[in-house]
Amino acid sequence: MTQLALVIDLNVCVGCHACVTNCKQWNTSGEAGPLVDENPYGKDPTGTFFNRVQTFEVGEFPHTETVHFPKSCLHCEDPPCVPVCPTGASYKREEDGIVLVDYDKCIGCKYCAWACPYGAREIDEKQKVMKKCTLCVDRIYDESLPEPERKPACVLACPTSARLFGDVHDPESEVSIAIREQGGYPLMPEWGTQPSNHYLPRRKTKMKIHKDELVRVDNPLKKDGHLPKVDENESFLEDSASW
Amino acid sequence: MHPAFSVIFLTTLIGAGQGLFLALMTVQAYADIGALALPEGSYFGTNSMIALALLVAGLIASFFHLGHPERAWRSAAMWRTSWLSREVIALPIFMGLVFVYGLLHYLGYNPNLFGENAPPQGELTYLVGLLGVVAAFALFICTGMIYGCLKFLQEWNTPLTPINYTLFGIASGFTLATALTAWMAPTLVNFYGGWAIAFTVLAFITRSASLIRNQRIKHRSTLATAIGVRHAQIQQKAQGAMGGSFNTREFFHGKTAAFLKSIKWVFLVLVFPVPVLLLALGLQNNSATLLGLAFAIQYVGLLAERWFFFAQAKHPQNLYYQTI
């Protein structure tokens, strides 16, 4: 079974919102119609986004650390939003585990949004249907695109490669290796939703350098004097062979 | 959560409608074993239509909650998994049974299906009524479980939620029945009034239990589990939008803690002691006005109760939306 998902490296994310804008751009231009934007240039701009980058400060001054936290649908293995949907508009695809909304069936009752502990679903106030991250399902299988571009828009936009995309059920995939080797974790594990998207924690990269590594004790220049020089009078093969 | 008035009116109106129907069937059940005399004339027919009117009003209110009301018929599809879908099925079934029950009484068509001498008498309405009772309770459970089944909304995730919905519906329905009966069949007023007081007291006990439970609730999700950073000191600095979003509008009631607390006391006074007092006074003085007032005040109190029920629930997604 395939389960496509994102792995987001919080150690690398710089909070630039490139994933947010590229996501919005791609998904507002698709077949499903625009993602609503209200007062885009007014006092209180608001609208529907599939992806948002939030910022948290961890610790107490001066020992603080800024964590930029991209947040989108986690495509749970056991998504609580799906069984509550009365019309079946919300569903999880068998073939790749993407959780989707059928906009033609959705009645806009918002019950699925109540049933998502992560607040990943946002209603489109114009179209009056529930919308959420589709993992760019209209992009990743598009064979008219060159192979490297068949990835979600957010992944392509990330300038620091903080977003990885792949099959988390394949133990040898890039995302599975990242989760396994870099301590990838799910959000709110306490509710048993088994999110497919994982986050890689902040890491401190430290290196211990000992003094004797700065000055080599067995420095050959000091130990053995100067390197031997070439004797200028010695004849070479070129001398005898050049006529 | 942000309380939606469409849902507040839906749940309180259909609750009262279900309660009123259950009150009618209670009298018929008593009458069938000879404990009471059946009221004359169009008593059952009229009251059934009033119950039906409440159910229709609730149904209309529910449509205001939908983004696409014209697709509402689709919502019966997922009854295997969704309590909302089950409610969508149970409500029209119950409405149909109330209508048939009222119509049979109105037409006076009530043949004895199992022979002249076999109790209970007038089995056809009794049979339809019993089906209606089953549907009424199924509907109460569906309505309550819509909220009760969401396990991370810890204020709602308790058996007390469907129990409260049931008892509030029955209490308000019996109070309404008392008031209506004072006009139509005064001999039955004491019977209904007694039950109305009993159910109101019972609802007070279960609602108090859920209030006490919710006061001590320890929320399982914290900012640490929400973003997965194991630290006691985490502060949000930005939520990714400056003008708010669906997440800030749908999941916050937007009122102060003091306002929330005052609504709690408003409903605790208006739903329980005031109607009980008015019911007692109305029964003593044979005053239909006082009994009508008891229902009106209890209904207003129930609107406040439902508002508080929604506002009190803290959705874990709010952890992600604490600072702009």
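This is a predicted model: local features need pLDDT of at least 70, side-chain atom pairs count only at pLDDT 80 or more; totals for chains, interfaces and linings use all residues.
Which residue forms a salt bridge with A:Arg203, and how far apart are the closest N and O atoms? I started my notes there. The partner is A:Asp9, and the closest N and O atoms sit 3.0 Å apart. I then checked where the two residues lie along the chain. A:Arg203 is in the loop between β11 (198-200) and α7 (211-214) of chain A, while A:Asp9 belongs to strand β1 (residues 4-9), so I logged this as a link between distant parts of the chain, 194 residues apart. My search over all chains turned up 16 salt bridges in the whole structure.

**Chain A, overall**

I counted nine helices and 11 strands in chain A. Its radius of gyration came out at 27 Å, whereas the globule rule gives 18 Å for 243 residues, so I put chain A down as more spread out than a compact globule. I also boxed the C-alpha atoms along the principal axes and got roughly 95 × 55 × 45 Å.

Next I went through the backbone angles. Most residues other than glycine have a negative phi, and most peptide bonds are trans. The peptide bond from A:Phe61 to A:Pro62 is cis, with omega near 0 degrees. I placed A:Pro62 in the loop between β4 and β5 (63-72) of chain A. I found A:His75 in the loop between β5 and α2 (81-84) of chain A.

**Chain B, overall**

For chain B I get 11 helices and one strand. Reading along the sequence, I wrote the pattern down as α-α-α-α-α-α-α-β-α-α-α-α. The C-alpha box for chain B is roughly 75 × 45 × 30 Å along the principal axes.

**Where the chains meet**

I then turned to the contact between the chains. It takes 59 residues from chain B and 52 residues from chain A. Together the two chains bury about 4700 Å², and 59% of that is on carbon and sulfur atoms.

How many residue pairs are in polar contact between chain B and chain A? I get 34, with both residues at pLDDT 80 or more. On the chain B side, I listed the elements that each supply at least two residues: α3 (83-107), α4 (123-148), α7 (223-227), β1 (234-238) and α8 (246-250). Of these, β1(B) gives the most, with five residues. I sorted the chain B side by class too and got 29 nonpolar, 23 polar and seven charged residues.

Side chains of opposite charge can pair when their charged atoms come close, so I looked for such pairs across the contact. There are three salt bridges between chain B and chain A. One of them joins the side chains of A:Lys110 and B:Glu250, at 3.8 Å from N to O.

**A strand pairing between chains**

Which strand of chain A is joined to β1(B), and by how many bridges? I found strand β4 (residues 51-60) of chain A, with four bridges, and the two strands run antiparallel.

Key:
Residues are numbered from 1 along each chain as its sequence is written. Chains are lettered from A and ligands numbered from 1 in the order in which they are written. Side-chain values use heavy atoms; hydrogens and water are left out. Contact means heavy atoms within 4.5 Å. Buried area is the accessible area (1.4 Å probe) that two parts lose on being put together, summed over both. A salt bridge is a side-chain nitrogen of Lys or Arg within 4 Å of a carboxyl oxygen of Asp or Glu. A polar contact is a pair of N or O atoms within 3.5 Å; within protein, one must be able to donate a hydrogen and the other to accept it, and residues adjacent in sequence count only if both atoms are side-chain atoms. Ala, Val, Leu, Ile, Met, Phe, Trp, Tyr, Cys and Pro count as nonpolar, Asp, Glu, Lys and Arg as charged, and the others, Gly among them, as polar. Two strands pair if DSSP finds at least two bridges between them. The radius of gyration is taken over C-alpha atoms; the globule rule is 2.2 Å times the number of residues to the power 0.38.
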